[in-house]
Every structure is written in structure tokens, then in C-alpha cells.
Amino acid sequence: MSRKAANILSAQVILKPDCVLGLATGSTPIGLYNQLAAWYRKGDLDFSKVTTVNLDEYKGLTQEDPQSYYYFMDENLFQKVNIDKNRTFLPDGTEPDSEKACRQYNDILASVGQVDIQLLGLGHNGHIGFNEPDTFFKTETHCVKLTEQTIKANRRFFASEEDVPREAYTMGIKTIMSARQILIVVSGEDKAEIVKKAFFGPITPQVPASVLQLHNHVILVADEAALSQI
Ligand code: F6R
């Protein structure tokens, strides 16, 4: 799964060296980032002109916090390849004024131009980015209160459940849908049911990822376990 998804992202970088990649964190894309870094080390990929915009960031965490999404991106990709860090963007988790943080990120997104490929993972409840069930499809960057389910799912990365931030800044569904292409990676049997709902069920805000059925260029890359119900 990781190699196939990495092939798609690297083809984009090769075809358009100054492309804009929309990136995701979480456990699913780690293998993909490792693969991209390995191809970079082999001399097959050049990230020097690439711009990246990430989906989301926890509100209240600094870039140096090991649980921040900036830190994750730096560890898993940015410091392993020749990307210009001035061209890597995430929402500013240290900005306490949510409106300001979201406005600033929307401005950044507008200035970098259309995302060529947006990478996504899929939450167990169908969330994409931190767009939890019942998010309006027309939202841009906004501040969300994480659901109990997401706090529990993310708990594994923190010392205790109390340490999991309660809020995050995330690209909205409208922002995600405006990407030229979307690449969604999913693995594991525990995601099989939501894959079926998202891609073969009704399009509804109750399953945020179901909106992807309305996008004209979505690639789903998944392992057999995640596809076992379709
Ligand atoms: C990550 C993100 C989330 C994850 C989703 C799946 O930036 O926005 O939507 O993609 O929670 O996470 P994993 O891959 O850990 O199962």
C-alpha cells in the first residue's frame, strides 16, 4: 500500500517539480513517507521546488512538541529529504485566536495555489483531516473540538488521555475538495466498514469522507484487509 501510494506522489513530483502536495499525518502514511525518503536517498526524487500544505495541527502545541503534527512531518519526511522548509506549511498551533489562525492558514492556501495532490487518511468515523461527522461540506479551515472517539484513537501517541489536545485546526471539506487530485490511503480490517460506507454508501455529512464520491479524481489505495467488505 505504501509503495503504491508513494509511486503516485513521486510521479507527481517528477512530472511537476514545483507541485503543491497536500499532506497528512497519522499512522497510515508513515510507510509512504519512508518510501519517498528512500527514493530521495537513491537520487530518484528531488523535493527542492516542492511546496507542502498539511491538513491539520493540534491547537496549543508548538512545532517542537513531539506530539505536534509539525514535529511528525519533520521527523517522517521534511528532515529526510531536500525540501525547503520555508515552503512547508501547517496551521499554526501556537496561535490561540482560532479565527486568526484559520484566516492565516486560508491565506497561505490561497497564496500557494491549487493543491496538485492531497493525501488523506481515513478516520474510523469517516473523518478526513479533523472534519468529524456532521461537518458542513462547505467549510474552509476551521477550529474543531475533537470527538471522544478521536481523542481515544489518538491517545496512543500521548502519555495519557488528559494530554490529548481537545481542539485542532483543520482544512475544511471545501478546502480538501478543491485539490486537483486526492489520494486516500487506508489499511487494516478495522477500517473495512468505514471504507465501505464512505465509498459505497450514501453521501452524507455523517460520513465526511463520503463527499469524496463527488470529486472527479480520487485514488483510493488500501490493503486487502481494508477492502475486505467491498
Ligand atoms: C491526519 C488526519 C487524520 C488521519 C486519520 C487516520 O493528518 O488528518 O484524518 O488521517 O485520523 O489516522 P491513521 O492513519 O492514524 O489511522
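**Ligand site and fold of a predicted model**

Modeller: A polar side-chain atom of Lys191 lies 2.8 Å from an oxygen atom of the ligand. The model is predicted, so local features need pLDDT of at least 70 and side-chain atom pairs pLDDT 80 or more, while totals for chains, interfaces and linings use all residues. Residues are numbered from 1 along each chain as its sequence is written, and side-chain values use heavy atoms, without hydrogens and water.

Biologist: Which residues around the ligand come nearest?

Modeller: Thr28, Asp56, His127, Gly129 and Lys191, out of 14 (a heavy atom within 4 Å). By class, the shell has three nonpolar, eight polar and three charged residues, with Gly counted as polar and Asp and Lys as charged.

Biologist: What makes the protein chain agree with a compact globule?

Modeller: The globule rule, 2.2 Å times the number of residues to the power 0.38, is set against a radius of gyration over C-alpha atoms. For 230 residues the rule gives near 17 Å and the protein chain has 16 Å, so the two agree. The C-alpha trace spans about 40 × 40 × 35 Å along its principal axes.

Methods
A polar contact is a pair of N or O atoms within 3.5 Å; within protein, one must be able to donate a hydrogen and the other to accept it, and residues adjacent in sequence count only if both atoms are side-chain atoms.
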